[in-house]
Amino acid sequence: MPCVPVAVFASLLMGWAMTEPEHAEAAHGLVGVLATVFTAVWVRAVFRAASSLLRRPVEQPACTVGLLRPRVRLSQALLDTLDPDAIEAARAHEEAHARHYDPLRLWLGQLVTDLQWPAAAPRERLRAWQRTLELARDEEARRHGVRGDDLAAAIVAAARLGASMCASSAALMGNGSRLRERIRRALAPLTSPPAKDSGRVHRAIALLVMCVGAAVAGLHLGESMMRAILR
């Protein structure tokens, strides 16, 4: 949702650019300032996204890496710590991350968050989503037959071995209150699966319609609108 205004405004500018005459004209000073700020935010976001891909992943007890071909990794230290059932629980959790391409989703989430810099609310939303994602994968692993106590043992062992998460990997992790919440939910009775979000397609269609409408408005009204804004 935070990206909707940006997408609509970008569509408006694209429509305006398609009808803008080729001859040079003087630009308002405000345009240069806004363009500089916009470019700086994008350069920062793209640099951070690229550097996260080039940076060697931090060694983690259990994680899923790879954007397009996610792979599950369990460290030897974790394998030596857990019994076979707990190992399968950890693997099931990470395989749930791989099935949903969570490394790619987390990487894109970090990119979108950086594009909203320096606002603090997007960072809070990203952290909340990461916590929710871990709980959802715990639930999915249990629905595939993993016992809650085995999953709890894997979570505790991973936390003790210093598990963490980076923008381009999904990892079995937890600490402090989050760790206690995950353990509590892992040991609680399994609830019925959540209903599928049927409104996702409708929201995507609505966004497409808004962008197309903004582009058409830019084609026909862009020049007068921009002159009114920059006057």
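Biologist: Is Tyr-101 buried, partly exposed or exposed?

Modeller: This is a predicted model, in which local features need pLDDT of at least 70 and side-chain atom pairs count only at pLDDT 80 or more, while totals for chains, interfaces and linings use all residues. Residues are numbered from 1 along each chain as its sequence is written, and side-chain values use heavy atoms, with hydrogens and water left out. Buried means under 20% relative accessible area, exposed over 50%, and partly exposed in between (1.4 Å probe, protein chains only). Because its relative accessibility is 40%, Tyr-101 counts as partly exposed.

Biologist: Where does Tyr-101 lie, and what is its phi?

Modeller: Helices (H or I, at least four residues) and strands (E, at least two) are DSSP runs, numbered from the N terminus. Tyr-101 lies in the loop between helix 4 and helix 5. Its phi is positive although the residue is not glycine, with a value near 50 degrees.

Biologist: In which element does confidence reach its highest mean, and in which its lowest?

Modeller: pLDDT is the predictor's confidence in each residue, from 0 to 100. The protein averages 83, and 83% of the residues score at least 70. The mean is highest in helix 4, at 94, and lowest in strand 3 (residues 169-171), at 56.

Biologist: Which residues does Ala-186 touch, not counting residues up to four places away in sequence?

Modeller: Ala-186 belongs to the largest nonpolar core. Its contacts, with residues up to four places away left out, are Arg-142, Gly-148, Leu-151 and Ala-152.

Biologist: How many residues form the second core?

Modeller: This second core is separate and includes Leu-74, Ile-87, Ala-154 and Ala-157. Its residues number 9.

Biologist: How far apart in sequence are the parts that Glu-134 and Arg-182 tie together?

Modeller: A salt bridge is a side-chain nitrogen of Lys or Arg within 4 Å of a carboxyl oxygen of Asp or Glu. Glu-134 and Arg-182 form one, with their closest N and O atoms 3.7 Å apart. Because Glu-134 lies in helix 6 (residues 121-143) and Arg-182 in helix 8, the pair ties together parts separated in sequence by 48 residues.

Biologist: Are Glu-134 and Arg-182 buried or exposed?

Modeller: Glu-134 has a relative accessibility of 1%. Arg-182 has a relative accessible area of 4%. Glu-134 is therefore buried, and Arg-182 is likewise buried.

Biologist: Which residues are linked in a network of salt bridges?

Modeller: The structure holds 12 salt bridges. One of them joins Glu-140 and Arg-137 (3.7 Å, N to O), which both lie in helix 6, 3 residues apart, about one turn of the helix. The network consists of Arg-99, Asp-102, Arg-105, Arg-137 and Glu-140.

Biologist: What distance separates the closest N and O atoms of Arg-91 and Glu-88?

Modeller: Both residues lie in helix 4, 3 residues apart, about one turn of the helix. Arg-91 is partly exposed at 29% relative accessible area, and Glu-88 is partly exposed at 46%. The closest N and O atoms in their salt bridge are separated by 3.8 Å.

Conventions:
A nonpolar core is a set of buried Ala, Val, Leu, Ile, Met, Phe, Trp, Tyr and Cys residues joined through side-chain atoms within 4.5 Å. Contact means heavy atoms within 4.5 Å.
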